Amino acid sequence: MSRHFWIVPLLALSLFATSCADSRSHAQAVYMLVDTSGTYSQELDKAQRVVSYMLGTLKAGDSLAVARVKSRSFSEKDIIAKMTLGKDPMQINNQKREFAEKIGVFKADLKKGSAYTDITGGIIQASEFLNETGAGQKTILIFSDMQEELDYKTVRDFPINLQGIRIIALNVTKLTTDNVDPRRYMGRLEWWEKRARDAGATDWKVVNDLEHLERIFKGRG
């Protein structure tokens, strides 16, 4: 049989394999949870700075959502702003400007922090949003002191699913009780890391130095 007879099928097979390899989405989706409970709501200036940084790094096809963490956070009503960037540069600029405006209005209108802190509910809502985007890289940013406080009616002590999602805790401020006994702070972070990894999270990271936000997405492919 002529060797040329095999060239076409082999070429077709090679192209098919390349197509399959490139089928994974290279877009990223980020869901940022902003703690608005108690005195932590006073940290919103820093949260707004993080959002501004994110808007400057996102590219066409990427998705971003920002939602508040309050007494009960498992609700789409808690999403302050969300978007998936288009391809046209002018459209992207408009989307980013409108997104920033919504965050600014939210910050200006927030007068009082919530009584409780449902971080788990917010994480569950975030995972649903991220999975629906179909993005290849999915990240939950949690802007909080990571002290979860639930009212007696709210149930969150059950396994959650964070497969394929990485978790980054930002600006984890220390409580007065943490200053008295630092083991409380370290124990709180260890507990959340274990819960995230047990739920299938691809990574867990704590970033408190907001002057170096590039560390959040270091090594993005």
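Q: How do I read the cap at the N-terminal end of α3, and which residue provides it?
A: Start with the term. A polar contact is a pair of N or O atoms within 3.5 Å; within protein, one must be able to donate a hydrogen and the other to accept it, and residues adjacent in sequence count only if both atoms are side-chain atoms. Here D88 is the cap: one of its side-chain oxygens lies 3.2 Å from the backbone nitrogen of M90. This is a predicted model, where local features need pLDDT of at least 70, side-chain atom pairs count only at pLDDT 80 or more, and totals for chains, interfaces and linings use all residues. Residues are numbered from 1 along each chain as its sequence is written, and side-chain values use heavy atoms, with hydrogens and water left out.

Q: What span does α3 reach from its first C-alpha to its last?
A: Helices are DSSP runs of H or I with at least four residues, strands are runs of E with at least two, and both are numbered from the N terminus. The expected span is 1.5 Å times one less than the number of residues. α3 has 21 residues and reaches 31 Å, close to the expected 30 Å.

Q: Which residues of α3 are buried?
A: Buried means under 20% relative accessible area, exposed over 50%, partly exposed in between (1.4 Å probe, protein chains only). In α3 the buried residues are I92, Q95, K96, F99, I103 and F106. They cover an arc of only 95° around the axis, so they sit on the same side of α3. That arc is taken from the directions from the helix axis to the C-beta atoms. The face turned away carries exposed M90, N93 and D109.

Q: What covers the buried residues of α3?
A: Contact means heavy atoms within 4.5 Å. The cover includes α2 (44-57), β2 (63-69) and β3 (79-84).

Q: What is the strand order in the open sheet?
A: Strands of a sheet pair through backbone hydrogen bonds, either parallel or antiparallel. Two strands count as paired if DSSP finds at least two bridges between them. The six strands run β3-β2-β1-β4-β5-β6, with mixed pairing. β3 and β6 stand at the edges, each with a single partner strand, so one side of each has no neighbour in the sheet. β4 and β5 pair in the parallel sense over six bridges.

Q: Is T117 buried or exposed?
A: T117 is buried, with a relative accessible area of 1%. Its place is the loop between α3 and α4. Its side chain makes a polar contact with the side chain of S37, at 2.7 Å.
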